[in-house]
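Biologist: Before I take your labels at face value, please show me the model and tell me what stands behind each term.

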Amino acid sequence: MFLQQLPQQLVNGIILGSVYALLALGYTMVYGIIKLINFAHGDIYMVGAFVGYYIISFWHLPFWLALVITMAATACLGMLIEYLAYRPLRNSPRISVLITAIGVSFFLEYGMVFLVGANTRSFPQVIKTQQYNLGIFTVSNIQVLILAVTLLLMVALQLIVQKTKMGKAMRAVSVDSDAAQLMGINVNSTISFTFALGSALAGAGGVLIGLYYNSLEPLMGMTPGIKAFVAAVLGGIGLIPGAAIGGFLIGILETLANALNLSSFRDLVVYAVFIIILLVRPAGLLGKNVKEKV
């Protein structure tokens, strides 16, 4: 029975994992630049889902336009959070910044509860669902859309980081921010741009997952945010390809747990595998162990 379900569960896992990958990319870029674990990142994903919901429900805009506007809105939110909450603490102890990130997370969650209420809402189905039977598995047009958008955004991100002037600045700041500043790079603008990129990807993930599961609520970003962080560390935090691979692996692990009738323990399975891999390879799958002089 499990072997019969395996192809379908792998497809479902890849689709879910693609959203985790989008979130994990935001974690890994911010960490790569300023060594910050932005625990508010999952809640930006939640805000993106609500922005998409209101744009489609009240402005009646097409899905693609709603997706672009949502990405722009969450990019601005990410830059605002960096400017108000993280930039003043850039030279503070790590624990201060970490506590601030957790505080920002709760502010976004319960701020949204205050604004829109705690009830679960149905995401508008702007695209009619169609199922395609491919023999050993079935895939819907929504799943194909999610995977296509995810891959497109990943390719765009890679091109931005590798081919653009700002991408080169991001790589320079990630290696040595002081040396980058001496070379004329505006470190503050580079960090803000990194937050904007990561937050835009999170916003896109929120819209896609709202369309996929047809529901959203103010606390929906908590668990996916933690799993995306796990995915980033699993692949090698600070590495963009590692975050993508980690996201897909977490999604597949979660759906395989469902296939084994362990749906109540799927989070436990994910974290258990995560702990085992960290014990065997602490730097992640693609990371390299670096010795630091004391």
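Modeller: Start with the helices: α1 (2-34), α4 (94-116), α6 (165-175), α7 (177-182) and α8 (187-213) each supply at least two lining residues to the second largest pocket. Helices here are DSSP runs (H or I, at least four residues), numbered from the N terminus. This is a predicted model, where local features need pLDDT of at least 70 and side-chain atom pairs count only at 80 or more, while totals for chains, interfaces and linings use all residues. Residues are numbered from 1 along each chain, and side-chain values use heavy atoms, without hydrogens and water.

Biologist: Why is His 60 called exposed?

Modeller: Exposed means over 50% relative accessible area, buried under 20% and partly exposed in between (1.4 Å probe, protein chains only). His 60 has 63%, so it is exposed. His 60 is in the loop between α2 (41-58) and α3 (63-86), and has a positive phi of about 55° without being a glycine.

Biologist: What makes Asn 214 partly exposed?

Modeller: Its relative accessible area is 31%, so Asn 214 is classed as partly exposed. Asn 214 is in the loop between α8 and α9 (222-235), and its phi, near 60°, is positive although the residue is not glycine.

Biologist: How do you know how many residues of the pocket lining are nonpolar, polar or charged?

Modeller: Ala, Val, Leu, Ile, Met, Phe, Trp, Tyr, Cys and Pro count as nonpolar, Asp, Glu, Lys and Arg as charged, and the others, Gly among them, as polar. By that rule the lining of the second largest pocket has 12 nonpolar, four polar and five charged residues.
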